[in-house]
Structures are given as C-alpha cells and as structure tokens.
Amino acid sequence: MSANSTLEHILEEILEVLKPKQEDLAARAQVISELRRVVESVQSLRGAAVEPFGSFVSNLFTKWGDVDISINLPKGAYISYVDSDRKQRLLADLQNPLRGQWQMVQLIPARVPILKCESRHKIFSCDISIDNLKGQMKSKLFLWISEIDGRFRDMILLVKEWAKARDINDPINGTLNSYSLSLLVIFHFQTCEPAIFPPLKDIYAGNVADDLQGLRTVAERNIAEACAANIRRFRQDRRVNRSSLSELFISFLAKFSDIGFKASELGICTYTGKWECRSNIRWVRKTSAILIEDPFEQPENSARTVDRSGLTSISEAFEMSRVISAEQNLDSLLATLVRPEVSPEIRAHLRNPVSYGGGYQPHLTHPHVHRNVNLQSEIQNLRFKSNSNNPTLTETVNMYGKFEASESKTQNQFQNSRLESRSYNPSMTELEQGRSQGQHSGDAGKSSLSIGGLLLGGLVAGLGYMYAPQINKAVDGLKKFRDNSDDDSDEPKN
C-alpha cells in the first residue's frame with residue numbers, strides 16, 4: 001500500500017469513528033423531545049416551536065457534537081424579530097424549569113443570547129436561542145451546499161476533530177468557532193484546481209438579514225428555489241476535481257499555513273471565493289485579528305471572537321500540521337489529527353475494522369456518486385413539527401417530490417426507511433425533483449402533507465421507543481468523549 005493510500009485509509013477509519021450512528025440520532029431525538037415538554041410548561045413560551053438547526057440539521061455533526069435549538073415564538077405567518085433583551089428574559093424564564101431536569105444550565109448574554117445546557121445523559125450539550133431564523137436558514141444553505149460533493153462533509157468532520165485536537169476550536173478562549181472552520185473548508189474547495197465549489201454568490205447572492213422578511217414560507221421558498229437552480233447550473237458546467245480525501249486534507253493545511261501573515265492584510269471571502277483586501281470599504285470597521293466573512297450575512301465577520309493570541313495558536317496549528325504524512329508512525333499521526341480521548345477508539349478500529357462494518361473502502365471522488373448517505377434520510381425527517389402556528393418550509397414547497405433514485409445500495413436502504421412525511425428542510429435533490437413534478441401534482445401534494453403532518457406528530461415519541469436500547473448504548477459509549485470545551489455549533493455566539 002502506497003504512502004498516500006495508507007493516509008487515505010487512516011482518514012477513512014477516523015471518519016468511521018467520528019460519524020454518528022442511528023443511536024446517536026435517536027439520542028438527539030429524545031433530548032429534543034424532552035426539551036419540548038419543558039418549553040411547553042413555561043407560560044411565556046406556550047405555543048412556541050422547538051426546532052433544531054446548526055450542524056445537526058446540515059448533517060455536519062460528529063457523534064458527540066452539540067445540538068443548536070431555536071425556540072420560535074408563535075407570531076403567525078409573518079417574520080418579526082425579537083430584541084435581544086426580550087430574548088434574554090425568555091431564556092431566563094426557561095432556565096429554572098430546565099435546572100430541574102438538565103445540568104449545567106448557563107445563560108450566556110452574547111449578541112445572540114444563548115442558554116447552554118447539558119442533558120442528564122451527559123452525552124452532548126444544547127445551545128438554545130430564541131427566534132434564530134437566520135441561523136436556521138444558514139443551516140439549510142450548508143445542507144444544500146454539502147450535497148454538491150460528499151467530500152465536503154468528510155472534510156468538515158476531519159477538520160473539526162483536528163481543530164479540537166490542536167485546541168483551536170474554542171471561541172470562548174479566542175480561537176475559531178465551528179462555523180468559521182466550515183467556511184475555511186468551503187474556501188479551500190473554491191480555490192482548488194479545478195474548483196469543487198463555486199463562489200457562494202453563484203449559489204445564493206442575497207443576505208439572510210434582508211431576505212427573511214414578510215411571509216416566512218414565501219421568503220424561505222424563494223431562497224430555496226434560487227439555490228436549487230444555481231446548484232443545478234453549477235453541476236452541469238463544472239470540471240470534475242478527482243482529488244482524494246487525503247490530498248484535499250493535506251492541501252487544506254498547507255493553504256492556511258501562513259494565515260498568521262495574511263490575516264492582517266487579507267480577508268477570507270467565500271462569497272466571492274477569493275482572498276480580499278481588508279481595506280475593502282465594507283470591512284473598514286472590522287478590526288478583529290482575522291476576517292472570515294459570513295457569506296450569508298455580509299459583511300459580518302464569523303471569526304470576530306478570534307484574538308491576537310488565538311490567531312497565533314491557529315497559525316502554529318496549521319504550520320505544525322502541514323507536514324503530516326503516512327510516513328509518520330501511528331502515534332504521531334493520531335496525536336496530530338484527533339484528541340487523546342478519541343484515539344483509543346480509532347486504534348481499536350484499525351485493529352478490528354470488521355467491528356465497524358467492513359474495513360476500508362477506497363474513497364470515491366466522482367461528484368455524482370459522492371453522496372451524504374449515512375443518516376441524511378433520518379436527519380431530513382427530524383425537522384420537528386410543533387404545535388406552533390408558524391408555517392414550515394415544507395408547507396411552502398409542497399410541490400417538491402421524492403428523493404432522486406439512489407446511486408448505491410446503501411442509499412436505497414436509507415431511502416426505503418424514510419417516513420412518508422416531508423421534512424422541514426428539503427434537500428436540493430428534493431427541490432430539483434419537485435420543479436419537474438410540482439406542476440403535475442396538483443392537490444396530491446397537499447394531501448401528502450396532511451398525512452405527513454400526522455406522521456410527524458408521533459415521530460419523536462416513536463423514535464424514542466424504537467431506539468431505546470440504542471440510546472442506552474449511545475449514553476455509555478459517548479460519555480467518555482464528552483468535553484466541556486467541545487463547541488460544535490455552526491453559528492457564532494457573540
């Protein structure tokens with residue numbers, strides 16, 4: 001086995017450990033169901049919808065990643081925004097009831113107020129916010145972008161774990177949040193040759209702060225339809241990049257190895273897909289140590305919490321890690337790529353690959369067969385519907401049909417297990433399928449939605465019952481990985 005294929009093998013085995021299993025999804029379903037019951041008991045939050053977002057919705061979470069929750073207040077069909085002071089008061093109302101059933105409940109009065117808490121299972125924590133519609137929309141955009149090429153999801157999981165191992169995924173202490181790390185991966189995919197992703201303005205040219213106005217269903221449908229058309233156009237016109245996962249990972253580390261020098265003069269702009277001068281007029285007031293523009297809410301800096309000391313740590317991590325190769329011994333390689341508490345499981349996997357489902361498989365690089373097949377079907381069905389009067393995105397895109405035919409046996413298996421109900425966040429595949437089918441479906445889509453609504457009503461309880469043994473297994477298997485500094489959020493907190 002060549003050096004490159006050996007490194008590829010090790011990265012694939014790391015991914016097998018990082019990727020969530022069905023019991024991890026079921027555990028999150030149970031926690032969100034418990035949270036919904038608590039929210040319903042709070043007078044000031046009666047009728048509010050409890051909706052997950054962030055990496056969980058984007059299918060970019062590891063098996064011990066945190067869950068972001070938005071409590072959406074019942075305001076009818078139109079979008080209206082709640083001021084920060086009221087959000088803090090509402091979260092304070094929720095704080096005491098949660099303390100009776102949850103642990104480490106802490107109110108963080110950031111620019112986006114957060115109630116951080118840990119389930120009694122101590123598997124992962126939840127970051128709860130109020131009316132975080134912008135965060136929810138960004139999560140959907142990440143989901144749709146990830147469907148362009150499955151290597152993106154793999155890279156996100158590997159980069160998040162590497163960043164935790166190097167102690168640079170800690171925004172509270174001045175380093176990068178997971179949202180910014182994800183943008184770095186997008187930027188890398190945009191600047192590869194040939195490019196794997198286009199400039200994000202070619203997918204979504206708007207700004208969620210401006211576009212999420214008026215009727216929520218209409219605003220979200222307009223964004224979804226524009227993205228579907230643009231992604232379809234890019235897929236038709238692109239040149240295929242056949243780089244292996246190990247090649248992409250090594251070139252990612254090399255690309256940002258001099259970030260400490262570039263950061264003072266250049267900003268990372270995934271909206272244009274280029275390094276941009278920080279003297280740009282829209283960034284003139286941005287004085288942070290590093291500028292990674294939020295492409296969906298320009299000119300906001302997603303890395304605004306990074307300080308000078310944090311930038312030094314980030315730069316050193318890239319510089320020291322860029323020399324990784326399969327020539328290193330396994331101890332040295334794992335010490336660079338994963339946290340100490342994760343390493344033993346990877347070693348066990350390398351000794352006994354059969355226990356994780358069949359050993360190493362070569363990494364596919366053709367974009368049309370590179371899919372996020374693992375749990376995406378199940379995650380799509382976990383856009384939890386509550387008794388809120390707020391219409392969901394599903395109700396505005398009911399013309400969109402079934403998933404496209406699967407390209408692998410694995411995907412077919414997940415496809416067959418999907419509930420008949422439609423998800424809160426349709427994938428780009430679903431959106432594109434619906435464009436061709438919607439005009440012929442008439443009232444059939446409405447009927448399907450009615451059935452879907454009934455099915456979704458019992459989804460969370462059903463998952464909790466079906467996966468009770470797996471939930472217990474997840475609790476036992478993941479407690480040892482829980483790290484209080486673990487930040488898997490896809491949205492800046494302050």
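Modeller: Two strands pair if DSSP finds at least two bridges between them; helices (H or I, at least four residues) and strands (E, at least two) are DSSP runs, numbered from the N terminus. This is a predicted model, in which local features need pLDDT of at least 70, side-chain atom pairs count only at pLDDT 80 or more, and totals for chains, interfaces and linings use all residues. Residues are numbered from 1 along each chain as its sequence is written, and side-chain values use heavy atoms, with hydrogens and water left out.

Biologist: Which residue stands opposite Cys-126 in β5?

Modeller: Cys-117 does. The pairing of strand β4 (residues 114-118) with β5 is antiparallel and has four bridges. Strand β2 (residues 67-72) runs parallel to β5, and five bridges join the two.

Biologist: How many helices and strands does the protein chain have, and what share of its residues is buried?

Modeller: The protein chain has 21 helices and seven strands. Of its 494 residues, 59% are buried. The chain exposes about 19,400 Å², of which carbon and sulfur atoms supply 50%; such areas come from the Shrake-Rupley method with a 1.4 Å probe, and for residues only the protein chains shown count as cover. Among contacts (heavy atoms within 4.5 Å) with a separation of 6 or more, 76% are between residues 24 or more positions apart.

Biologist: Which residues of α4 are buried?

Modeller: An α-helix has 3.6 residues a turn, so residues three or four places apart point the same way. In α4 the buried residues are Lys-87, Leu-90, Leu-91, Leu-94, Gln-95 and Leu-98. They pack against α2 (22-40), β2, β3 (103-108), β4 and β5. The expected span of a helix is 1.5 Å times one less than its number of residues; for the 16 residues of α4 that is 22 Å, in agreement with the 22 Å between its end C-alpha atoms.

Biologist: Is Gln-95 buried or exposed?

Modeller: Gln-95 counts as buried because its relative accessible area is 13%. Gln-95 sits in helix α4 (residues 84-99). Apart from neighbours within four places in sequence, Gln-95 is in contact with Val-105, Gln-106, Leu-107 and Leu-115. Lys-116 is 21 residues away from Gln-95 in sequence, with 9.5 Å between their C-alpha atoms.

Biologist: How many residues has the largest nonpolar core?

Modeller: In soluble globular proteins, nonpolar side chains tend to be buried together. A nonpolar core is a set of buried Ala, Val, Leu, Ile, Met, Phe, Trp, Tyr and Cys residues joined through side-chain atoms within 4.5 Å. The largest one here has 76 residues, and Ile-14, Trp-162, Phe-249 and Phe-252 have the most contacts inside it. Helices that each supply at least two residues of this core include α1 (3-18), α6 (151-165), α10 (245-255) and α12 (308-321). Beyond its neighbours within four places in sequence, Phe-249 is in contact with Leu-11, Met-155, Leu-158, Val-159, Trp-162, Ile-324 and Leu-337. A second, separate core has 30 residues, among them Ile-32, Ala-48, Ile-69 and Ile-128.

Biologist: How many residues of α6 are buried?

Modeller: In α6, 14 of the 15 residues are buried. From first C-alpha to last, α6 reaches 21 Å, close to the 21 Å expected. Asp-154 is found in this helix and is buried because its relative accessible area is 6%. The C-alpha atoms of Asp-154 and Leu-245 are separated by 8.0 Å, although the two are 91 residues apart along the chain. Asp-167, which follows α6, has a positive phi near 60 degrees.

Biologist: How many aromatic pairs does the structure hold?

Modeller: A pair of aromatic rings is described by the distance of the centres and the angle of the planes. Rings of Phe, Tyr and Trp (its six-membered ring) pair if their centres lie within 6.5 Å; planes under 30 degrees apart count as stacked, over 60 as edge-to-face and the rest as tilted. The structure holds 14 such pairs. In one of them, Phe-252 and Phe-256 are edge-to-face, at 5.4 Å centre to centre and 70 degrees between the planes. Phe-252 is buried at 0% relative accessible area, and Phe-256 is buried at 0% as well.

How values were computed. Buried means under 20% relative accessible area, exposed over 50%, partly exposed in between (1.4 Å probe, protein chains only).
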